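Load the model and keep the sequence alongside.

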Amino acid sequence: MKRREFLKVGALVVMGTAAAASVAGIASAAQAAPPLTTLQPHQAETLLKMTRRIFPHKQLDDAPYWNVVHDLDTAAKADSSVAKVIGEGIEKLDSMGKRFVELTEKKQTAALKQIESSAFFQKVRTVELQSLYSDPSVWKVLGYQGPAYKFGGYIHRGFDDLAWLPNPPESASPKPA
Amino acid sequence: MSRFASGDNSVIVIVGSGAGGGTLANELCQKGIKVVLLEAGQQQSPATFKNEEWFAFNQLAWLDKRTTSGTWRIARDFPNLPAWICKTVGGTSVHWAGASLRIQEHEFRAKSRYSGIKDTNLIDWPLTLAELEPYYAKAENKMGVTRTNDIPGLPGNNNFKVMYNGATRVGYKTVHTGRMAINSRPRDGRSSCWQLGFCFQGCKSGAKWSTLYTEIPAAEKTGNLDLRTESMALQIQHDHHGRATGVLYADKNGAHHFQKARAVCVAANSIETPRLLLNSHSSKFPDGLANSSGQVGRNYMRHTTGSVFGVFKQPVHMYRGTVMAGIVQDEAIYDPKRGFVGGFELETISLGLPFAAAFLDPGAWGEEYTNLLDKYPNMAGMWIVGEDMPQETNAVTLHPSEKDQFGLPIPNVHYDDHANDLAMRSYAYKRGAAIYNAVGATQVVEVPPYPSTHNLGTCRQSEKPAEGVCNKHGQTHDIKNLFISDGSQFSSSAAENPTLTIVTLAIRQADYIAAQCSTRSI
């Protein structure tokens, strides 16, 4: 996959994430995730470290990153060319000195910087971008409340609760109905 | 729902069911004129919309492959997604934010007013504001635009509070919650706004006007509408006199059908509309239909855009409530002292976390980027929408080799930013930053343009047939029963969000087509 074709990844990845999250609940998605079908344990471990370095949120534990690895596993199962890109990408990463998983975090980031324009890196980043930030457990930690329809919107849930600035006059911002 | 025979040449075929095509269909049906409305996408409804950004994107967006070229940053960030528009019943009126502003008088006189700007293909509109005013009034009433027709403005959300305080502190005067086609009170059988925050994902409360659940059902009630979904127009055909005879289209199984027509109206958005005309070339019209001027596909405009996001010490929760919750209008003026002609609006914008991660810095990764995303709850956002210059070389053309699933050339969208566009964007970024800095921003982020939502000008209206594709009624100069019925008609882009004007032109065009039918001119 070429750089930044991420908008065309398709619905499967996103829907897969949503389904996994709803089954697993928001706290421990990884424990309820199904076993890997295509990725080998070393590949999965490498991808876990890699996804942590790509979007390194310190407040997040490994669970949402495992969800990304599962989405990559799903993508690899669905398309053998994806499995090949991942397999070869990891081999390349491991051939740059020590095995990737044994590097310090700083050196892992430096190694990824060297391959950031590769199809492998772009595929992982693309899937991670859509998966990680669509994960309700991540929303909770990063402070996004997400879908509002189920509780009637934000009209009674703080859409105008900001109190550290004065309220605009009614001529600019009328009261709600 | 009515079904008209494929050989019925008394019907008007409209291609596209968005703001232009959906409105035109209803207006014609109300007058007793039979319409076949071809829509490439599927039918959704508020019940099938989802408050989830990637899901909705895949459900609603036009994802057929397109290519890009030119100096605009879109070609680098989103090479196969030049536009963020919809393929669904209701078209991009499902996705739009609702801002409903009239084009200003001086903006209709773009060439006269901006004369002397090099490397442009400016013309004046063949229309005046005075001619359009009665139709603007009808459109505002139809759409229930706030701050018109005694409809109160919407309540401002947190994102607007930040904009309002910052903007008024730097001296801006016209700052309010906008003129929005979103119900602030129940109206027209639709509820008032729930402040869901998912305007772009299809409004689940139905408070935002969309042809999907206003114009199209109203048209269906007349018995004069035959809506055919998942029907992709492939070619407009003509007879030896050069009059349009109907539209060849593919159904969802790929089977081809030909629908005869008394007249054909194209409202497929500013990329597909010229593509359909170009793909309809024939031995009589080797350069495509209605293209004797050579202007079909040219003068592509997409507004000078960009966003400014401010990070604050305290929470904002910008995603709560109306996406385009407020506006600063002071810069939407003609004042060349700023270093550019044309004006721009500043409108609040918000992105949910999934799209914030995708769009705040397309392609970014690593600690610096996640540090920014960690501050997501404390962000406020605004969008720049300004007039861009028409250039003949900014064009939708047919790709020389790549074909779509129907074997037709895909479109390439070429856009070079004009020096005037660059000067305006740079100035607008600074003004946006000043607004947020005035209320204590700890960080201000200049965000590059998103894929284009305002696609304009590729089959423009012109007084002189050599300078454009259609007249002031959208009727093509070359073929009198072929009409342009969407934003492709725009002679200039103006600073305003285009939907209100697209709807206005559609209402006006319906009157014209009905008159042409009654005098048997078409």
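On a 1 Å grid over the protein atoms alone, a cavity is a set of points where a 1.4 Å probe fits but cannot get out. A pocket is an open set with protein on both sides within 12 Å along at least five of seven lines. Lining residues have an atom within 4 Å of a point. Points are joined across faces, edges and corners, and a volume is the space filled by probe spheres set on the points.

The model is predicted: local features need pLDDT of at least 70, side-chain atom pairs count only at pLDDT 80 or more, and totals for chains, interfaces and linings use all residues. Residues are numbered from 1 along each chain as its sequence is written, chains are lettered from A and ligands numbered from 1 in the order written, and side-chain values use heavy atoms, without hydrogens and water.

Start with the largest pocket. It holds about 670 Å³ of space. Its lining has 28 residues, and those closest to the centre are Pro56(A), Gly366(B), Glu367(B), Glu368(B) and Tyr369(B). Helices and strands here are DSSP runs, numbered from the N terminus (helices H or I, at least four residues; strands E, at least two). From chain A, α3 (41-54) and α6 (105-114) each supply at least two lining residues, as do α11 (367-373) and β16 (443-447) of chain B. The lining divides into 9 nonpolar, 7 polar and 12 charged residues. In this count Ala, Val, Leu, Ile, Met, Phe, Trp, Tyr, Cys and Pro are nonpolar, Asp, Glu, Lys and Arg are charged, and the others, Gly among them, are polar.

The structure has 7 cavities of 30 Å³ or more. The second largest cavity has a volume of about 90 Å³. Of its 15 lining residues, Cys193(B), Leu196(B), Cys199(B), Cys203(B) and Ser205(B) lie nearest the centre. This lining splits into 8 nonpolar, 5 polar and 2 charged residues.

Next, look at the loop between β4 (175-176) and α8 (215-221) of chain B, where Gln195(B) sits. Gln195(B) is buried, at 1% relative accessible area. Buried means under 20% relative accessible area, exposed over 50%, and partly exposed in between (1.4 Å probe, protein chains only). Beyond four places in sequence, the contacts of Gln195(B) (heavy atoms within 4.5 Å) include Gly153(A), Tyr154(A) and Phe159(A) on one chain, and Pro155(B), Asn157(B) and Arg320(B) on the other. Ser210(B) lies in that loop between β4 and α8 too. Ser210(B) is buried, with 1% relative accessibility. Its contacts, on that sequence limit, are Gly90(B), Ser93(B), Val94(B) and Glu215(B).

Turn to helix α5 of chain A, residues 80-94. Val82(A), Ile86(A) and Leu93(A) are among its buried residues. Seen down the axis, the buried residues of α5(A) fall within an arc of 165°, so they line one face. The arc is that of the directions from the helix axis to the C-beta atoms. Ser80(A), Lys84(A) and Glu91(A) are exposed on the other side.

Finish with backbone angles. Most residues other than glycine have a negative phi. Asp119(B) has a positive phi of about 55°. Asp119(B) is exposed, at 63% relative accessible area. Asn299(B) also has a positive phi, near 60°. Asn299(B) is buried, at 0% relative accessibility.
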